[in-house]
Amino acid sequence: MKVLCTRSGAVKVVRLEGGDALETGLAAEVKRAVLEALEGAEDAVLDLSAVEFMDSAGIGVLVSVFKAQRRRGRRLVFAGVCGGVAAVLELLKLDRIFVCLPDVGSAVRALSA
Amino acid sequence: MKKSPPFGPGAKLDVLPRLADLCRNHEVGLELLERSADLEAFLDRVLDEYERRIAELAPDALDARTGPRSADSASRLLALVMFASLAAAIRDRAVASKELSDRASGLERINMDLEAALAEAQRARARLDAVVSVLDAAILIVDRSGRILKANPAAGPLLGRDSQELVGAELPAAVARVGPGERMEIRLDLPAGGSRVLLAARTAVPDEEGDEVLLLSDVTDRYREIEHRHDAQRLAELLRTVGALSHKVNNPLTALLGRAQLLRARAEADASLAKAARVIEESATRIADLIRQLGAVAKEGRREDLERVLAMDETDRGERPEEVVR
């Protein structure tokens, strides 16, 4: 799985690509790569539109990344959450803790407002 | 009879009675979360708890196809879900409470701003009252019908009335003639006699009541001073004219007097002609005397001197010319 980093105005956009599942075997590497991509004091969007499944390790990555961004005093919005990922976030009520928006555009607008 | 699988899809949720045990076993400790200093601190603790509990889950615990494959995994997931539900509920309540608190703070700020504005308005009112109370000018507030609603302390003496009696009374007719937006001098006859010249200005109060403010200043002294100055200017012009006339009349008068004296000297044989010559001579002398006095008055510039000269009794000066003609 690849972690791609782009920018939209003052907002950093990080996209997970190259696989539809974020599971135990990839979690540590993806977590390190995403945290590295988010370094610097910027608000960010994590684009999950290409990810359809996460196990507990994958959900743990989201929580850790969200915490790290909060510690920096910056905001993190999850974009394109769908399928099984959305169901798990809803089950764990993380959809009420995280800010989840349908796509990258709306997430960037929310952070730019 | 088909038996429900112990875990995963179709598993019977007979674990609910054990929630209290689950809470104890997995240290839900939500009461500690509720005591967080603020919403942000609460979220930090919730995320810590999520992170810890998710790390304790078996990787397949969240697999919708299989579900948790062990009793421990299932109970940990249930505990996490319960924690998540309670945490989400607490967060929602905290957010709502914060919004209420923010609104209350906003209302409190508005209230404080209003109190500050009110205090400032009261200070401004006190300053205005102080200024109004020491003003020499009269200030009257009147309603649409011209009835006096308020009057400052100077109003009574200026209008020759008791200040307390002014409230509720009609405006004096001379004052009432001043229209809205007008500024003019008026002469006010006082109840006890005499009069004053007032500079009056009337303007509308910008409110829905339609009240108006009248400002009256006593300009009687200034008015008299201006009148006096105008009189002095008119007198000066008159005296300049008198002086010029005196100068112009003097030369022909001198010629007239000389010829009259010559005529009288040559008319000794004709008593009537001699008398006429003498009357001409005396009249010319009197005119010369009058011209001399007027010339002196013109130099002095005093009105009373001019009036004294003009009031002199001509009969005191001897025989009148018309008597001589007869």
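Which strands of chain A do the buried residues of H4(A) pack against? Point 4 takes this up.

1. Basis. This is a predicted model: local features need pLDDT of at least 70, side-chain atom pairs count only at pLDDT 80 or more, and totals for chains, interfaces and linings use all residues. Residues are numbered from 1 along each chain as its sequence is written, with chains lettered from A and ligands numbered from 1 in the order in which they are written.

2. Fold of chain A. Chain A has 4 helices and 7 strands (DSSP runs, H or I of at least four residues and E of at least two, numbered from the N terminus). Their order along the sequence is β-β-β-α-β-β-α-β-α-β-α.

3. Of the 113 residues in chain A, 44% are buried (20 or more other C-beta atoms within 10 Å of the residue's own, with C-beta atoms placed from the backbone). Take the chain A contacts (C-beta atoms within 7 Å) between residues at least 6 apart in sequence: 74% join residues at least 24 apart.

4. Helix H4 of chain A. In this helix, residues 104-112, the buried residues are Val104(A), Ala107(A), Val108(A) and Leu111(A). They sit on the same side of H4(A), because their arc around the axis is only 100° (taken from the directions from the helix axis to the C-beta atoms). The buried residues of H4(A) pack against strands S1 (2-8), S2 (11-17), S4 (44-47), S6 (76-79) and S7 (99-101) of chain A.

5. Interface. Here 22 residues of chain B contact 19 residues of chain A. On the chain B side, helices H3 (39-56) and H4 (71-134) each give two or more residues. H4(B) gives the most, with 8 residues.

Conventions: A residue is buried if 20 or more other C-beta atoms lie within 10 Å of its own, exposed if 12 or fewer, and partly exposed in between; C-beta atoms are placed from the backbone. Two residues are in contact if their C-beta atoms, placed from the backbone, lie within 7 Å.
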